[in-house]
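Reader: I have a structure to look at and some questions about it. Could we go through them one at a time?

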Amino acid sequence: MAKKETKNFILRVDADTMDAIEAWAADEFRSTNGQLQWIITEALRKAKRLPKKKGEKKEQL
């Protein structure tokens, strides 16, 4: 299986938001980084902004 390429970047988050993310991650047995990736991916999926996977059909409106 091919490994996905990742990109690193710096993210500034206020302390209260970070505390909430860390608690949420702990509740779901994820790392803070994993939780942030999941949050971003879910937001992109819901907004239909993720690139289509190979073989995936376009959704008709």
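Reader: Is Phe 29 buried or exposed?

Author: This is a predicted model, and Phe 29 lies in its loop between helix 1 and helix 2. A residue counts as exposed when its relative accessible area is over 50%. Phe 29 has a relative accessible area of 78%, so the word for Phe 29 is exposed.

Reader: What is the phi of Phe 29?

Author: Phe 29 is not a glycine. Even so, its phi is positive, at about 55°.

Reader: Where is Lys 48, and is it buried or exposed?

Author: Lys 48 is found in the segment after helix 2. Lys 48 also has a positive phi of about 55° without being a glycine. Its relative accessible area is 58%, and the cut-off for this class is over 50%. Lys 48 is therefore exposed.

Reader: How many helices and strands does the protein chain have?

Author: Helix 1 covers residues 15–27 and helix 2 covers residues 32–46. The count for the protein chain is two helices and zero strands.

Reader: Which word describes how helix 1 and helix 2 are set to each other: parallel or perpendicular?

Author: Two packed helices are described by the angle between their axes and the distance between the axes. Here the axes of helix 1 and helix 2 come within 9 Å and cross at roughly 95°. Angles of 65 to 115 degrees fall in one class, so helix 1 and helix 2 are roughly perpendicular.

Reader: Which residues make the contact, and how do they divide by type?

Author: Helix 1 contributes Met 18, Ile 21, Glu 22, Trp 24 and Ala 25. Helix 2 contributes Thr 32, Gln 35, Leu 36, Trp 38 and Ile 39. By type, the residues of this contact are seven nonpolar, two polar and one charged.

Reader: What kind of aromatic pair do Trp 24 and Trp 38 form?

Author: The count of aromatic pairs comes to one. Its ring centres, in Trp 24 and Trp 38, are 5.6 Å apart, and the planes stand at 85°. Planes over 60 degrees apart meet the cut-off, so the pair of Trp 24 and Trp 38 is edge-to-face.

Reader: Where in the chain are the two members of that pair?

Author: Trp 24 counts as partly exposed at 34% relative accessibility, and Trp 38 counts as partly exposed at 31%. The pair links distant parts of the chain, 14 residues apart. Trp 24 is in helix 1 and Trp 38 is in helix 2.

Methods: Residues numbered from 1 in each chain as written. Predicted model: local features only at pLDDT ≥ 70, side-chain atom pairs only at ≥ 80, totals over all residues. Heavy atoms only, no water. Axes fitted to C-alpha atoms, helices over the stretch in contact; angles between N-to-C directions. Helix = DSSP H or I, 4+ residues; strand = E, 2+ residues; numbered from the N terminus. Parallel < 35°, antiparallel > 145°, perpendicular 65-115°, else oblique. Contact = heavy atoms within 4.5 Å. Nonpolar A, V, L, I, M, F, W, Y, C, P; charged D, E, K, R; others polar. Phe/Tyr/Trp six-rings, centres within 6.5 Å; stacked < 30°, edge-to-face > 60°. Buried < 20%, exposed > 50% of the residue type's maximum accessible area, 1.4 Å probe, protein only.
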